[in-house]
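Please examine the sequence and the coordinates shown below.

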Amino acid sequence: MASSAQPTPENYTMMQAFEWYVPPDQKHWQRLRAAVAGLKATGIDNIWVPPGCKGSSQQGNGYDIYDLYDLGEFDQKGGVPTKWGSKQELVQLVQSARDAGVGIYWDAVLNQKAGADRTETCQVVEVDPNDRTRATTDAYSIDAWVGFDFPGRGDQYSSQKYHWYHFTGVDYNNANRRTAVYRILGDGKNWSDFVDKEKGNYDYLMFADIDYNHPEVEADVKAWSEWLCSQIPIMGIRFDAIKHFSEEFLKSLVENLDAKVGPGWFLVGEFWEDSLDAMTTYIRNMEHKFSLFDAPLVYNFSQMSNTENADLTKVFDDTLVKYEPVNAVTLVMNHDTQPHQSLAADIQPFFKPLAYALILLRAQGYPCVFYGDVYGIKGDHPFQPSCGGKVPDLCLARKLYAYGEQIDYFDYPQCIGWTRLGRWDRPFGLACVMSNAGPNEKWMYVGQYHHGETWTDVLGWEHSEVVINQDGWGCFPCPGVNVAVWVNRQAEGRERFGRL
């Protein structure tokens with residue numbers, strides 16, 4: 001294979017390092033600290049950690065966020081640690097991750113606050129839940145949980161307290177115990193204009209909705225982002241619920257981080273939509289500085305796994321990775337789509353290995369592996385690790401072999417494949433073939449420079465051997481309703497498979 005002046009960059013993979021039902025034992029930072037070296041060995045380069053700010057209880061996952069400035073340091077909301085552990089343990093995790101060469105992506109929950117310390121009286125109107133632009137009552141007063149004093153922390157790190165005028169909406173009136181969507185009134189106060197237009201205006205999602213038009217809020221959250229980076233050396237940020245708070249503010253926040261802390265962040269947003277147009281519009285509005293999770297791809301996986309003889313050649317139809325491959329974070333499952341969650345997207349177990357091969361072994365997208373698929377899911381409805389425990393092997397195949405030109409063989413509805421031809425400095429390449437029906441095979445080209453080599457399945461599910469002919473072609477089989485990943489049996493790193 002001809003050489004090139006520029007070395008080939010390594011493939012990167014991220015992992016969501018939690019699932020919804022991780023036990024609330026305050027030991028998760030410890031678990032991750034013990035795991036990071038092994039994750040790096042499998043090809044995981046960055047981990048998206050759960051929301052590390054204090055929630056409304058020690059059982060909350062952090063999306064019920066109470067105090068941005070409490071990372072498990074102050075005695076608030078039931079104790080000092082968060083569900084995940086103490087700030088000291090978090091700092092130890094981050095240091096161990098850095099030592100192992102693993103970056104940290106912070107989960108920033110900036111849309112709402114929960115667990116207020118007291119109620120305050122404020123003027124509101126009720127709005128139609130399905131059209132938040134339409135008021136259904138005249139103005140009247142309610143007692144809302146919007147008073148945040150942070151008594152355990154006091155003024156350390158920030159003296160900002162939160163009151164009714166720092167929020168745009170709530171969903172509960174403590175005076176009469178009534179639930180509704182209440183828009184808070186005040187001079188110039190309204191829903192943000194820079195949010196998704198579902199339900200007329202989707203500014204309000206849950207709890208007490210933060211008003212980024214208020215200058216004190218904007219200043220406090222920008223100051224927090226700078227402070228966080230001084231406490232925890234992060235490589236990137238996952239922003240929660242971005243279609244529900246001001247796009248304009250988020251742009252300003254990122255610009256401030258670039259100016260005050262330095263550029264080069266990886267930024268990904270949870271913009272959970274099945275509308276490709278809405279997602280690509282958001283990416284353009286954010287000047288392609290943001291990535292988004294590929295929700296349409298997840299729904300394609302779900303639909304295909306629940307359809308007999310689904311057409312695999314259409315798996316990337318109307319997906320973000322097809323139209324914005326550089327800004328697409330591809331995934332199979334996350335904490336919202338896992339079973340028994342609000343956005344649960346049922347993906348049958350047989351399809352999981354196919355789905356992971358489709359996100360990990362192709363050139364397009366930045367894949368995100370799910371903790372629950374690697375370690376299993378806890379809770380009342382437990383699940384074993386998916387793919388027969390082979391997700392780490394698929395990650396390793398990506399790290400070692402998924403390089404170079406990609407040739408697709410999407411020519412039969414129930415059996416598709418592709419090859420990666422390798423590069424001058426990463427020469428081994430691979431061939432991937434999968435079926436959602438019976439056993440099958442594909443003739444595929446891997447390059448004349450591989451002629452005479454014997455290739456085998458790194459996953460160990462297909463037991464035959466393939467000898468590459470003089471023209472660089474091989475006939476690659478796969479088991480029924482499964483996937484095979486073929487690599488030269490003498491390729492560097494083959495001894496690492498099946499031991500992860």
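A salt bridge is taken here as a side-chain nitrogen of Lys or Arg within 4 Å of a carboxyl oxygen of Asp or Glu. The model is a predicted one, in which local features need pLDDT of at least 70 and side-chain atom pairs count only at pLDDT 80 or more, whereas totals for chains, interfaces and linings use all residues. Residues are numbered from 1 along each chain as its sequence is written, and side-chain values use heavy atoms, with hydrogens and water left out.

Under this criterion, the whole structure contains 28 salt bridges. One of them joins the side chains of Arg153 and Asp67, with an N to O distance of 2.7 Å. This pair links distant parts of the chain, 86 residues apart: Arg153 belongs to the loop between strand E9 (140-147) and strand E10 (167-173), and Asp67 to strand E4 (residues 65-67). Helices (H or I, at least four residues) and strands (E, at least two) are DSSP runs, numbered from the N terminus. Both Arg153 and Asp67 are buried; buried denotes under 20% relative accessible area, exposed over 50%, and partly exposed the range in between (1.4 Å probe, protein chains only).

Other pairs can be described in the same terms. Asp128 forms a salt bridge with Arg134, their closest N and O atoms lying 3.0 Å apart. Asp128 counts as buried because its relative accessibility is 16%, while Arg134, at 44%, is partly exposed. In the salt bridge between Glu465 and Arg489, the closest N and O atoms are 3.1 Å apart. Glu465 lies in the loop between strand E22 (454-457) and strand E23 (466-467), and Arg489 in the segment after strand E25 (482-488), so the pair ties together parts 24 residues apart in sequence. Glu465 is partly exposed, with a relative accessible area of 49%, and Arg489 is partly exposed at 43%. A network of salt bridges links Glu10, Lys40, Asp45 and Lys399.

Attention now turns to helix H3. The 17 residues of H3 (residues 215-231) should span 24 Å at 1.5 Å a residue, and the end C-alpha atoms are 24 Å apart, which agrees; the expected span is 1.5 Å times one less than the number of residues. Buried residues of H3 include Val217, Trp224, Trp227 and Leu228. Among the elements that cover the buried residues of H3 are helix H2 (87-100) and helix H4 (247-260).

Finally, Thr82 is located in the loop between E4 and H2. Thr82 counts as buried because its relative accessibility is 3%. Leaving aside residues up to four places away in sequence, Thr82 touches Gln26, Trp29, Gly52, Cys53, Lys54, Leu71 and Gly72, where contact means heavy atoms within 4.5 Å.
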